[in-house]
Structures are given as C-alpha cells and as structure tokens.
Amino acid sequence: AVTAGFDTVSPPAAPAAPANAAAVPVDGTRIDVTWADNSNDETAFELQRSDQQGATGTWVSIGMATGTIFHDSDLTCSTPYTYRVRALRASDGAYSAWSNAATGTTAACVATLTVAGAGTGTGVVASLGGLGPAINCTVTSGTTSGSCSQSYPSATMVTLTATPTAAGHTFTGWSGACAGTGSCSVSMTRV
C-alpha cells in the first residue's frame, strides 16, 4: 500500500505597506519621494506617479528603489505630481498594498541673464520696465561691474538698453541673444 499525504500550505502574508509617503520639491525639475518602511521582508519598492493631482487619474510606474527615497527628475516646472509606493518581496513576487498618495509641486523655473562687455569704450546696460531684479551693468573697456547677472522666471521678457556714459564713446551693438544697436529684448528660457 502507498499513502500520499497532502497538506494545505498558506502563502506568506504580503509585505506591510509603506506609510507616510511625502513628495518634497527640490527645484523646478525634481521631486524627492520619501516614505516609511513598515516591512521587514521587502526586496524593493515600486513607485508610481499619477497624471492628476490626488489619488485619481492614471498611474504610471516610474521606477524601483531599494531605500526609502526616490529622486524623480526631468519634470516640468510649476507642476503638481502625485505619487504612491508599494513594497515588493522578490522571492514570491508578493506586493504590499499602496501607500498613501503624496502630492508635491515643482518650483518655478528660472533662467539667468548675464551681460558681458566688449570694446574699448564706457557705457551702462540697464533693464527697463521696473522688472526686478534689475540689471544695471557698467562696461568699461570690455570689463563689467555692478549688477550684470540676474535670474528671472522662465518666459519673462527682459528688455535691455545700452547707453554710452563718456563723451566720444558710442554703443557699437549687441551680440549673443540680440543684434543691432537698439534696445534688446530677451525671452528667458530655462536651459
């Protein structure tokens, strides 16, 4: 006679879900997602990002992490992003439930405008229209001094004028983002 024994085997419980997810803006193109690890047997964490603020919308997997922080970069400035996290145990492919949804908004993007000098004369380059922070840059024999570099939000239009400040000196023209000898208007673009 042969006896074949069979027992019921219960699969191990899924890993505990992460908690306290937070989305912390770092700058205009990066958010750091952090969470509390409530499991002692996970192998990694899966992160998803929603295309809408809050827990609704379409969720897209954006990566895996082995620690409790994930750096999401190459994002769009001044935009809210919502995240959730779950734990994975690789040995049996078990996932935890999702963490709370966490939303963070990237900062506004800025671009820097710098005035460089050229030539042998003396003059002042200034921004117009009460735009702050103002450019008020003195150029003397190609060397600049004063407020010659400022940062502005992306898409800001900055208009500059160049005025000779010594008798017998003349403004010979712009190069770089502008051309000619009139005023110079530059649309600030994040690089």
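**Note on the predicted model: disulfides, sheet, loop residue and pocket**

1. Cys77 and Cys109 form a disulfide, with 1.1 Å between their sulfur atoms. The model is predicted, and that distance is a computed value. The torsion about the S-S bond is about -45°, so this disulfide is left-handed. Cys77 sits in the loop between S5 and strand S6 (80-89). Cys109 sits in the loop between strand S8 (102-105) and strand S9 (110-114). The bond therefore ties together parts that are 32 residues apart in sequence.

2. How many disulfides does a search of the whole structure find? The count is three. Taking the bonded cysteines of the chain in sequence order, they pair 1-2, 3-4, 5-6.

3. Cys137 and Cys148 make another of these links, their sulfur atoms 2.1 Å apart. The S-S torsion is about 90°, so the disulfide is right-handed. Cys137 belongs to strand S11, while Cys148 lies in the loop between strand S12 (143-147) and strand S13 (149-153). The two are 11 residues apart, and the pair links distant parts of the chain. Both Cys137 and Cys148 are buried.

4. Cys178 and Cys184 also form a disulfide, with sulfur atoms 1.7 Å apart. The angle about the S-S bond is 65°, and the link is right-handed. Cys178 has 11% relative accessibility, so it counts as buried. Cys184 is buried too, with a relative accessible area of 4%.

5. Now the sheet. Three strands make an open sheet, ordered S1-S2-S5, with antiparallel pairing. Neighbouring strands are turned by 15° against each other on average, direction ignored. In general, strands of a sheet pair through backbone hydrogen bonds, either parallel or antiparallel.

6. Over how many bridges do S1 and strand S2 pair? S1 pairs with strand S2 (residues 31-36) over five bridges, in the antiparallel sense. Ala19 stands opposite Ala36 in S2.

7. Two backbone torsions deserve a look. Most residues other than glycine have a negative phi. Asn20 is not a glycine, yet its phi is positive, at about 55°. Asn20 is in strand S1. Its relative accessible area is 60%, so Asn20 is exposed; the cut-off for that label is over 50%.

8. Where is Asp74 found? It is in the loop between S5 and S6. Cys77 is in the loop between S5 and strand S6 as well.

9. Leu131 lies in the loop between strand S10 (122-127) and strand S11 (136-140). With a relative accessible area of 24%, Leu131 is partly exposed, because buried means under 20% and exposed over 50%. Which residues does Leu131 contact, leaving aside its neighbours within four places in sequence? They are Tyr152, Thr156, Met157 and Val158. Leu131 and Arg86 are 45 residues apart in sequence, and their C-alpha atoms are 47 Å apart in space.

10. The largest pocket holds about 630 Å³ of space. It is lined by 30 residues. Closest to its centre are Ala116, Ala118, Phe171, Gly173 and Trp174. Which elements give two or more residues to the lining? They are S9, S10, strand S14 (157-164) and strand S15 (184-187).

Methods: Residues are numbered from 1 along each chain as its sequence is written. This is a predicted model: local features need pLDDT of at least 70, side-chain atom pairs count only at pLDDT 80 or more; totals for chains, interfaces and linings use all residues. Side-chain values use heavy atoms; hydrogens and water are left out. Two strands pair if DSSP finds at least two bridges between them. Helices (H or I, at least four residues) and strands (E, at least two) are DSSP runs, numbered from the N terminus. Axes are lines fitted to C-alpha atoms, for helices over the stretch in contact, and angles run from 0 to 180 degrees between N-to-C directions. Buried means under 20% relative accessible area, exposed over 50%, partly exposed in between (1.4 Å probe, protein chains only). Contact means heavy atoms within 4.5 Å. A disulfide is a pair of cysteine sulfur atoms within 2.5 Å. On a 1 Å grid over the protein atoms alone, a cavity is a set of points where a 1.4 Å probe fits but cannot get out, and a pocket is an open set with protein on both sides within 12 Å along at least five of seven lines; lining residues have an atom within 4 Å of a point. Grid points are joined across faces, edges and corners, and a volume is the space filled by probe spheres set on the points.
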